[in-house]
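Subject: Structure handover

Hello,

Here is the structure I promised to pass on. Please open it alongside this note.

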Amino acid sequence: MPVWLKRTLLIAGGFVVLAAAAVFAVSYLADERLRAHFERQMNENLDGYQVNLEAVRLNPIGLSMNLEGLTIIQEKHPEPPVANLDRADFSLDWRALIAGRLAGQIEMEQPRLHINLAQLREEAADEKKVEERGWQEALESVYPLKINLWTITDGEITYIDQDPERPLRISNISFTASDIRNVATPDDYYPSPFTMAATVFDTGKARVVGEADFLAQPHIGVLAKVELEDVTLDDFAPILSRYNVFLNTARVDATGQVEYSPQTRKISIEQLRLHNLHADYIHTEVAQGQQSARDADADDDDTPEFQVHIDQLQ
């Protein structure tokens, strides 16, 4: 190879390397500015909670964006964080675009919710309801399109009551909800179909198939068929003991339908099977007083009464 050609190739190669490094540096600086901006925007919209965001990746093609390492803490009880999300991918929902609407979709990978008794009591004691904390506004502040398709892969929800050695955990959550913006069926009462499957308390299985109205006010409406299989209730014992129910062991299989909306709260159980149930209820004057207080609070509440109907109990 001639010397002049070799030098030309080396110089050209150097320019390519420098150009690639410059593009990478500009991209990194742009992503870092976006990360700081989105983190600030979400925190300005949230009340009582704070967000930390590790990274943002922006791709103008398909209006796609990736959020990485998102952590949410409750300000009064920051440990443990109430939520961790490894990755959230936002992009254009092409099916909605074909239907004549501009909307987006979000895919969440390995979201983790961690709630303990102190955090739950803090939320219950606050006059502002959890749905009024600015969650929707925080989401809309980072992505300009309204979300129409929502997917969750390998999610997990953990609740710790008084005993950290007995967590209540729902894991391996897979969830898909479509037509959230009521694009395809705007006139249906529950226009958005969804499905969910999960592992319940390590051994049980849950399957949920239904429809929802994610735009209902003051909270979403849901009508769903629910199937539970081999769900153990042993770890519920600390919670039930506060209501003077002392549970030793139990396992549940159930099928039924749940409707929860601003107008209706109803559970219709087609079949409920209790296996190896060993439980006691102790009636005391204190328990009666606590129940009377709960009944009084319910009378002052405008929300509809919860209705429970069981067809078969075995």
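How many helices and strands does the protein have? There are 6 helices and 12 strands. Helices (H or I, at least four residues) and strands (E, at least two) are DSSP runs, numbered from the N terminus.

A word on the basis. This is a predicted model, in which local features need pLDDT of at least 70, side-chain atom pairs count only at pLDDT 80 or more, and totals for chains, interfaces and linings use all residues. Residues are numbered from 1 along each chain as its sequence is written, and side-chain values use heavy atoms, with hydrogens and water left out.

**Overall**

The protein has 314 residues, and 34% of them are buried. Buried means under 20% relative accessible area, exposed over 50%, and partly exposed in between (1.4 Å probe, protein chains only). The accessible surface comes to about 19100 Å². Carbon and sulfur atoms hold 57% of that surface. Accessible areas come from the Shrake-Rupley method with a 1.4 Å probe; for residues, only the protein chains shown count as cover.

Contact means heavy atoms within 4.5 Å. Take the contacts with a separation of 6 or more: 57% of them are between residues 24 or more positions apart.

**Nonpolar patch**

Which residues make the nonpolar surface patch of about 540 Å²? They are Leu274, Leu277, Phe306, Val308, Ile310 and Leu313.

Strand 11 (265-281) and strand 12 (306-313) each supply at least two residues of the patch. Strand 12 gives the most, with 4 residues. Phenylalanine 306 sits in strand 12. Its relative accessible area is 42%, so phenylalanine 306 is partly exposed.

**Cavity**

Rolling a probe the size of a water molecule over the atoms shows where empty space is left. A cavity here is a set of points, on a 1 Å grid over the protein atoms alone, where a 1.4 Å probe fits but cannot get out. Lining residues have an atom within 4 Å of a point. Grid points are joined across faces, edges and corners, and a volume is the space filled by probe spheres set on the points.

The count is 1 cavity of 30 Å³ or more. The largest cavity has a volume of about 40 Å³. Its lining is Tyr159, Asp161, Gln162, Asp163, Arg166, Leu168, Asp235, Pro238 and Ile239.

**Salt bridges**

Side chains of opposite charge can pair when their charged atoms come close. The rule for a salt bridge is a side-chain nitrogen of Lys or Arg within 4 Å of a carboxyl oxygen of Asp or Glu. The structure holds 11 salt bridges.

- Lysine 76 pairs with glutamate 122, with the closest N and O atoms 3.4 Å apart. This pair links distant parts of the chain, 46 residues apart: lysine 76 is in the loop between strand 2 (64-74) and strand 3 (83-92), and glutamate 122 is in helix 3 (residues 117-125). Lysine 76 is exposed at 58% relative accessibility, whereas glutamate 122 is partly exposed at 23%.
- Arginine 169 pairs with glutamate 156, with the closest N and O atoms 3.7 Å apart. Arginine 169 lies in strand 6 (residues 168-177) and glutamate 156 in strand 5 (residues 147-160), so the bridge ties together parts 13 residues apart in sequence. Arginine 169 is partly exposed at 26% relative accessibility.
- Arginine 207 pairs with glutamate 227, with the closest N and O atoms 3.3 Å apart. Arginine 207 is in strand 8 (residues 204-213) and glutamate 227 in strand 9 (residues 221-232), so the bridge ties together parts 20 residues apart in sequence. Arginine 207 is partly exposed at 36%, and glutamate 227 is partly exposed at 30%.

Salt bridges that share partners also join Glu32, Arg35 and Glu39 into one network.

Is glutamate 156 buried or exposed? Its relative accessibility is 19%, so glutamate 156 counts as buried. Beyond its neighbours within four places in sequence, glutamate 156 is in contact with Pro111, Arg112, Leu113, Arg169, Ile170, Ser171 and Ile173.

Asparagine 244 lies in the loop between helix 5 (237-241) and strand 10 (245-260). Asparagine 244 is buried, with a relative accessible area of 14%. Asparagine 244 and tyrosine 281 are 37 residues apart in sequence, and 5.6 Å apart in space, C-alpha to C-alpha.

Best wishes

Terms used:
Patch = residues over 30% accessible without salt bridge, like charges linked within 9 Å, V, L, I, M, F, W, Y side chains within 5 Å. 1 Å grid on protein atoms, 1.4 Å probe; cavity = no way out; pocket = protein on both sides within 12 Å on 5 of 7 lines; lining within 4 Å.
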